[in-house]
Amino acid sequence: MDESTDQIAGAVFRALTDRGHEAVERAVVDAYAAARDEVAADRERLSRTVFAELLDALDRELDGEEQVAVLTAAVEDLVDRFSTVIDAAPVAICAVDGEGRVRLWNPAAERTFGRDRSAVLGRSFGVTWADASDEGFDALLDRLRRGERIVGQDTRHRRPDGALLDTRVWAAPIHERGDGAAFVVLDVTERRGRRQRLAVLNRVLRHNVRNDVNVARGHVDRAAARLDDEAARRSLDVARRRLDDLAELSDAGRLIERVADADRTEAVRLDLVDVVRDRLAELRRTYPDCEVRTTLPDGAPVRADQLLPHAVDNVLENAVAHNDAPVPRVCVDLSMADTGGQAVLRIADDGPGLPPVERRVLEAGAETQLTHSTGLGLWLTNWIVRVSNGRVAVDTGDNGTTVILELPAA
């Protein structure tokens, strides 16, 4: 028998046994033995045949009142069993009607989404969805109405306190008519963040640091043997630059460690306008030849991690340091979203564009042995913005790169 029919038949058999209807049980067992030899290769047909015989046996052997009693006991048994499983499940399980309104909300859903059952029953499941794009809740619900199943799709949800959850969703229509669906949601926020940090740190420690130390050692050895000529001085200059790179990597590692512990600290209130102006002043001091154009409001209060200035620094420096134009140009635009719930910072440059490998790493959210980014700047920016309950987007092309930081308004 198929799984669902088997469970229903099993519940009916348990009810028949509890109520002492041995004649019905024998009739169904005999029917199963006869059908097994005939249609054993067709599991679905065998299931239908035996289940039909079960219903016929109930009708032949029992009066209407006793049939109702047996079926009622079977349904109660199934409900009790499924309710126990759903309540004990460690992952969020919910069911919605055809309009997306919540009809079932297990204890794990309360813990995952931070919303009590009483607060969500009858409301749209979409209130928890953080992504308003084409793959948001409404789009998934439309797919389910068409009879599709959702298998392990990455989604994001927002808790009432503003915290963002990285999740993975499985869902299926409850009825073929498309008037409801069941969802299983797994919170992968910590797992995904930990995997990213470990992958990048592992790559940095094994690859960048090792290579830089080897290069610096070779040049220092050459300089020690030839301190009295120009080549020795050039070698020392190279060694110093490499050692400076190591120092920067060390600083980046320290910041990454602080980001990793960000869940132990609270977000602070910052005026993003002040942050941008301060970091632009530093950019002009470091790169006096760059041209910067700004569009800033009077104020843009946000709640973010205290390391947010480092995230803005990384994007601004990347816009200039890797720009091969005679006069690098950077356009900085800061605005509040129409809904008033987010500040949107756009930093655009006219450089050669973000390399494809960098885009793939950021879009995939993972590093591999053969494909990894060349530095930590955009990774660090992404982590700082994410722990600030914000989002990073990158748009790159022949005319340059635009990095977009979205942060929750305070």
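Author: Helices (H or I, at least four residues) and strands (E, at least two) are DSSP runs, numbered from the N terminus. The model is predicted: local features need pLDDT of at least 70, side-chain atom pairs count only at pLDDT 80 or more, and totals for chains, interfaces and linings use all residues. Residues are numbered from 1 along each chain as its sequence is written, and side-chain values use heavy atoms, with hydrogens and water left out.

Reader: In which strand is Trp170 found?
Author: With a relative accessibility of 34%, Trp170 counts as partly exposed (buried is under 20% relative accessible area, exposed over 50%, partly exposed in between; 1.4 Å probe, protein chains only). The strand that holds Trp170 covers residues 164–173 and is E4.

Reader: How many helices and strands does the secondary structure of the chain come to?
Author: The chain has 410 residues, and 38% of them count as buried. Its secondary structure comes to 13 helices and 12 strands.

Reader: Among contacts between residues at least 6 apart in sequence, what percentage join residues at least 24 apart?
Author: A contact here is a pair of heavy atoms within 4.5 Å. Counting those between residues at least 6 apart in the chain, the share that joins residues at least 24 apart is 58%.

Reader: Which residues of H13 are buried?
Author: H13 is mostly covered, with eight of its 11 residues buried. After H13 comes Asn389, which has a positive phi near 65° and is not a glycine. The buried residues of H13 are Leu378, Trp379, Leu380, Thr381, Asn382, Trp383, Ile384 and Val385.

Reader: What kind of aromatic pair do Trp105 and Phe125 form?
Author: There are nine aromatic pairs in the structure (rings of Phe, Tyr and Trp, the last by its six-membered ring, with centres within 6.5 Å; planes under 30 degrees apart count as stacked, over 60 as edge-to-face, the rest as tilted). Because the centres of the Trp105 and Phe125 rings are 5.8 Å apart and the planes stand at 80°, this pair is edge-to-face.

Reader: How many residues apart in sequence are the parts tied together by Trp129 and Phe183?
Author: The ring centres of Trp129 and Phe183 are 6.4 Å apart and the planes are at 70°, so this pair is edge-to-face. Trp129 lies in the loop between H6 and H7, while Phe183 belongs to strand E5 (residues 180–187), so the parts they tie together are apart in sequence by 54 residues.

Reader: Which residues form one aromatic cluster?
Author: Trp105 and Phe125 are both buried, as are Trp129 and Phe183. The cluster is formed by Trp105, Phe113, Phe125, Trp129, Phe137 and Phe183.

Reader: Are Arg156 and Asp166 buried or exposed?
Author: The side chains of Arg156 and Asp166 meet in a salt bridge of 3.5 Å, N to O (a side-chain nitrogen of Lys or Arg within 4 Å of a carboxyl oxygen of Asp or Glu). Arg156 is in strand E3 (residues 150–158) and Asp166 in strand E4, so the pair ties together parts 10 residues apart in sequence. Arg156 and Asp166 are both buried.

Reader: Why are Arg285 and Glu282 separated by about one helical turn?
Author: An α-helix has 3.6 residues a turn, so residues three or four places apart point the same way. Arg285 and Glu282 form a salt bridge, with the closest N and O atoms 2.7 Å apart. Arg285 counts as exposed at 59% relative accessibility, whereas Glu282 is partly exposed at 30%. They are separated by about one helical turn because in helix H10 their spacing is three residues.

Reader: Which residues are linked with Glu291 in a network of salt bridges?
Author: The structure holds 16 salt bridges. In one of them the side chains of Glu291 and Arg293 meet at 3.1 Å, N to O. The residues linked with Glu291 in the network are Arg293, Arg329 and Asp350.
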